[in-house]
Amino acid sequence: MRFQQTATYDAPVADVFAMLTDPAWREKVGVAQGVVSSDVTVTPEGTEGRRVVIDQVQDTEGLPAIAKKIAGPTTRAIVTEVWSSPTTGTIEILAPGKPTKAVGTVSLVADGDRTRHVTDLEVTVKVPILGGKLEQVMADNIGRGLEVEQAVGVAWLEGDR
């Protein structure tokens, strides 16, 4: 299932890229999302890029019963963003031991004095018969997480750190 979401920030690309690759911001997003635990690592990637790895445990409260049956009371998600430049990267979301993944691209696009942060994913859940329904659940969950991320990002760029 294809999933795309765009967040818009009133800041230049360089400021948004700096935020997205700041471990303190990523930790703040995790707190706002209510994750159980989170470990964030940011390392250089090439000459301009960054590798961001977020290894977190999420509560499955609020998910449909069938999703909770597969995931359990909590689930581990490893999000890896590899920014080859300040405007282009890849993203992979894995849940170790679960038949789910999401892979795709992330990009920052200048739009006047604003920046659009575009996340484009292919969400896959390999469960017979229920896969399509569970892909929608996963995409909805990713979407809610990105909405929280945007809210924290807007506040961060306005100085709430």
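Analyst: Just after α2, Gly34 has a positive phi of about 75 degrees. Helices (H or I, at least four residues) and strands (E, at least two) are DSSP runs, numbered from the N terminus. This is a predicted model: local features need pLDDT of at least 70, side-chain atom pairs count only at pLDDT 80 or more, and totals for chains, interfaces and linings use all residues. Residues are numbered from 1 along each chain as its sequence is written, and side-chain values use heavy atoms, with hydrogens and water left out.

User: What caps the N-terminal end of α2?

Analyst: Asp22 does, with a side-chain oxygen 2.8 Å from the backbone nitrogen of Ala24.

User: And which residues of α2 are buried?

Analyst: Trp25, Arg26, Val29 and Gly30 are buried in α2, which covers residues 23-33. Buried means under 20% relative accessible area, exposed over 50%, partly exposed in between (1.4 Å probe, protein chains only).

User: Where do they sit around the helix?

Analyst: Down the axis of α2, the buried residues fall within an arc of 145 degrees, so they line one face. The arc is that of the directions from the helix axis to the C-beta atoms.

User: New topic. How many salt bridges are there?

Analyst: A search of the whole structure finds eight. A salt bridge is a side-chain nitrogen of Lys or Arg within 4 Å of a carboxyl oxygen of Asp or Glu. One of them joins Asp120 and Arg2, with the closest N and O atoms 2.6 Å apart. Asp120 is in strand β7 (residues 114-125) and Arg2 in strand β1 (residues 2-9), so the pair ties together parts 118 residues apart in sequence.

User: Is Asp120 buried or exposed, and what about Arg2?

Analyst: Asp120 is buried, at 18% relative accessibility. Arg2 is exposed, at 55%.

User: Which residues are linked with Arg26 in a network?

Analyst: Glu81 and Glu149 are linked with Arg26 in a network of salt bridges.

User: What about aromatic pairs? How many?

Analyst: The count is one. The rings of Phe17 and Trp83 have centres 5.8 Å apart and planes at 75 degrees, so the pair is edge-to-face. Rings of Phe, Tyr and Trp (its six-membered ring) pair if their centres lie within 6.5 Å; planes under 30 degrees apart count as stacked, over 60 as edge-to-face and the rest as tilted.

User: Are those two buried or exposed?

Analyst: Phe17 is buried, with a relative accessible area of 8%. Trp83 is buried too, at 0%.

Conventions: A polar contact is a pair of N or O atoms within 3.5 Å; within protein, one must be able to donate a hydrogen and the other to accept it, and residues adjacent in sequence count only if both atoms are side-chain atoms.
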